[in-house]
Amino acid sequence: NSPSNRTEEAKEDVNDAQQELNEAREDEIQQQMSATPEEWAVYKTETELKIKENEVRIAELELKMTKPGVTPDSLRRNRINALVEKNNDLKAKLRDYESNRSDWESFKREFNHDMDELGKAIKDVTDDNKK
């Protein structure tokens, strides 16, 4: 082996080592961004329960709209339909995350925010029904 061949081999070895290091770093970052299986299972169970509770609360609102003596209100009906749609969107987001599993902290922060906003919107419609 000539010195130039050894230099080329050494450069290739360095390049290979650098690539392996970069891949290892990417794997580590990806692992940090993902939820552990246990963490995901708990979070998923809790959020599915909240989504079911939202469905019940929305169904109660729909039931109140059909009671005798209650005049159908298209504005309230539209608000309830929007709540149903938002709740369905949250179910879809949960399913999508389960198949993608990317950026756990960002997903959790956004999902919790959306869930809180939906809860407030349901409460607003409920409070309007009491008036």
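**Figure 1. Overall dimensions of the predicted chain.** The radius of gyration of the chain is 26 Å, whereas a compact globule of 131 residues would have one near 14 Å. This radius is taken over C-alpha atoms, and the globule rule is 2.2 Å times the number of residues to the power 0.38. Along its principal axes, the C-alpha trace spans about 95 × 30 × 20 Å. The model is predicted: local features need pLDDT of at least 70, side-chain atom pairs count only at pLDDT 80 or more, and totals for chains, interfaces and linings use all residues. Residues are numbered from 1 along each chain as its sequence is written, and side-chain values use heavy atoms, with hydrogens and water left out.

**Figure 2. Helices and surface of the chain.** The chain has 4 helices and 0 strands. Its elements run α-α-α-α from the N terminus on. Helices (H or I, at least four residues) and strands (E, at least two) are DSSP runs, numbered from the N terminus. The accessible surface comes to about 9,400 Å², and 50% of it belongs to carbon and sulfur atoms. Accessible areas come from the Shrake-Rupley method with a 1.4 Å probe; for residues, only the protein chains shown count as cover. Of the 131 residues, 20% count as buried. Buried means under 20% relative accessible area, exposed over 50%, and partly exposed in between (1.4 Å probe, protein chains only).

**Figure 3. The largest nonpolar core.** This core has 19 residues. Those with the most contacts inside it are Trp-40, Leu-83, Trp-104, Phe-107 and Phe-111. At least two core residues come from each of α2 (37-65), α3 (74-100) and α4 (104-130). Helix α4 gives the largest share, 7 residues. A nonpolar core is a set of buried Ala, Val, Leu, Ile, Met, Phe, Trp, Tyr and Cys residues joined through side-chain atoms within 4.5 Å.

**Figure 4. Surroundings of Leu-83.** Leaving aside neighbours within four places in sequence, Leu-83 is in contact (heavy atoms within 4.5 Å) with Ile-58, Leu-61, Leu-118, Ala-121, Ile-122 and Val-125. Among chain contacts between residues at least 6 apart in sequence, 79% join residues at least 24 apart.

Figure 5. The end C-alpha atoms of α2 are 42 Å apart. This agrees with the 42 Å that its 29 residues should span at 1.5 Å a residue. The expected span is 1.5 Å times one less than the number of residues. Buried residues of α2 are Trp-40, Tyr-43, Thr-47, Ile-51, Asn-54, Ile-58, Leu-61 and Met-65. Thr-47 counts as buried because its relative accessibility is 3%. Beyond neighbours within four places in sequence, Thr-47 is in contact with Leu-94, Phe-111 and Met-115.
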